[in-house]
Amino acid sequence: MRDDPRLPSSPGFWRSPLRGPWFTSVLGLVLLAGITVLFVTGLVSYAAYNPGLSPVNDQTPDKGILGFYLFAWPTHPHWLYRLNQGVHVTLGITLIPVLLAKLWSVVPRLFALPPARSLAHALERISLLLLVGGALFEFVTGVLNVQLDYVFPGSFYPLHFYGAWVFFAAFVAHALLKMPTAVRNLRHLREEKNDLVTPRPAEPTVSRRGALWFVGGGSLLLFATTAGQNADGPLRRTALLAPHGGGEPGSGPNGFQINKTAAYAGIDAAETGEDAWRLVVTGRTGTIRLSRAQLAGLSLHSSALPIACVEGWSTSDQWWRGVRLRDLAALVGYDDDPPDVFVESLQARGAFREAALRANQVADARSLLALYVNGEDLSPDHGHPARIIVPAAPGVLNTKWVARMTFGDL
């Protein structure tokens, strides 16, 4: 069966003359650099959610030692999460043609017989299966998340988090095994022959360098149709593959990107009216209830901050105005050292209708319970009557339609 050219287990079945150690090595080294950046920025993005702060923020409660690196997410610089997530998502999409070309270049090995010639070979095959499966899982779930298509079972956060660790472990093992060979193939003018070189090559239609240019062109096209989701004005319209890549929603001061509308979140206009809505603030000295007019009568401050989401899109700095979070903490007994805060939304259900912020985020002078944006009242889609805005925080932690805030150590 191994020598029957009609079967994929036969070396003669795969006839493309492009396959070979040099072609595979070039793609592998590109992925080595790119996937390492993806892994690091992915871990940093996970840390930005402050999963160790409160069960409400922890989407992976059984992470155990995998959370060894977690740290208190900073508020400086204010564009930190915007940069990190923009790099993570844009680079991930840009690498898709390289990953597909790499998988195509080594596909004969997935069908090779016998499955294991030795213990070392068996371990290599297992790592290869984990590597291929992990790569497909991580890239597919990542793209689906960017497109807001949650067709996979369970929550994106734990699936992507655990999948990343499995994939990267297999990736590191594979890189250590193959790195010497890859470097040797790139340095030598005549490449070594191995099982990727077909014994029955078909007539070539393109050179290997031409194929690499084709792959690079595909990556460049994906980059050009994705990166604009982090830009402003006309450049945003170039993000054709991003769900937020079209024109800005509406016009005027509230005419910037949103992720979740008031209608989608089930916000009833009757419960956000001046007569009905009250902000409930609880802390050391008890509970107070404040109307929007009373909040507007407090000392107001302004902050220029962006909105940046896990899907990779972001806005430019918007001009927010409202009450500092640390001033609200002072109203309920925390004058000098504001603690963590647990924020609840009017949104009845769905992910991140509740969120927790660390004490350093509460204490930052730019962290606001915003009532206005760009000189006007918040629109319903942007969180009227009040929303959280915190520097460098993921967009989902900037809770909209705030109903209750509970200050205290979480």
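In the predicted model, helix H3 and helix H6 (residues 208-224) have axes that come within 7 Å and cross at roughly 150 degrees. Angles over 145 degrees count as roughly antiparallel, and H3 and H6 are therefore roughly antiparallel to each other. On the H3 side, the contact is formed by Ile96, Pro97, Val98 and Ala101. The H6 side contributes Val215, Gly218, Ser219 and Leu222. Sorted by class, the contact of H3 with H6 comprises six nonpolar and two polar residues, with no charged ones.

Helix H3 (residues 96-110) also packs against helix H4 (residues 119-146), where the two axes come within 12 Å and cross at roughly 150 degrees. That angle makes H3 roughly antiparallel to H4. The crossing of H3 and H4 is left-handed. From H3, the residues in contact are Ile96, Leu99, Leu103, Arg109 and Leu110. From H4, they are Arg125, Leu128, Val132, Ala135, Leu136, Phe139 and Val143. This contact of H3 with H4 has 10 nonpolar and two charged residues, and no polar residue. Ile96 of H3 takes part in the contact with H4 and also in the contact with H6. An α-helix has 3.6 residues a turn, so residues three or four places apart point the same way. Among the H4 residues in this contact are Leu128, Val132, Ala135, Phe139 and Val143.

Just after H4, Leu148 adopts a positive phi of about 60 degrees.

The axes of helix H1 (residues 21-48) and helix H2 (residues 80-94) come within 9 Å, with a crossing angle of roughly 140 degrees. This angle makes H1 oblique to H2. H1 passes H2 in a left-handed crossing. The contact involves Gly34, Val37, Leu38, Thr41, Gly42, Val44, Ser45 and Ala48 of H1. Its H2 residues are Tyr81, Asn84, Gln85, Val87, His88, Leu91 and Gly92. In the contact of H1 with H2, seven residues are nonpolar, eight are polar and none is charged.

The loop between H1 and H2 holds Asn50 and Pro77. Asn50 has a positive phi of about 50 degrees, although it is not a glycine. Pro77 is joined to His76 by a cis peptide bond with omega of about -15 degrees. Another cis peptide bond runs from His384 to Pro385, with omega near 15 degrees. Pro385 is placed in the loop between strand E8 (376-377) and strand E9 (387-389).

The unreviewed entry places the feature "transmembrane region" at residues 21-49, 87-107, 128-147 and 159-177. Residues 128-147 are 95% helix and 0% strand, with end C-alpha atoms 28 Å apart. For residues 159-177, the span is 100% helix and 0% strand, and the end C-alpha atoms lie 27 Å apart. The unreviewed entry also carries the annotation "domain: Oxidoreductase molybdopterin-binding", which covers residues 274-407. In the model, residues 274-407 are 13% helix and 36% strand, and their end C-alpha atoms are 24 Å apart.

Definitions and conventions
Residues are numbered from 1 along each chain as its sequence is written. This is a predicted model: local features need pLDDT of at least 70, side-chain atom pairs count only at pLDDT 80 or more; totals for chains, interfaces and linings use all residues. Side-chain values use heavy atoms; hydrogens and water are left out. Axes are lines fitted to C-alpha atoms, for helices over the stretch in contact, and angles run from 0 to 180 degrees between N-to-C directions. Helices (H or I, at least four residues) and strands (E, at least two) are DSSP runs, numbered from the N terminus. Angles under 35 degrees count as roughly parallel, over 145 as roughly antiparallel, 65 to 115 as roughly perpendicular and the rest as oblique. A crossing is left-handed if the near helix is turned anticlockwise from the far one by less than a right angle, and right-handed if clockwise. Contact means heavy atoms within 4.5 Å. Ala, Val, Leu, Ile, Met, Phe, Trp, Tyr, Cys and Pro count as nonpolar, Asp, Glu, Lys and Arg as charged, and the others, Gly among them, as polar. UniProt positions are given in the numbering used here, feature names are shortened, and annotations may be inferred rather than shown by experiment.
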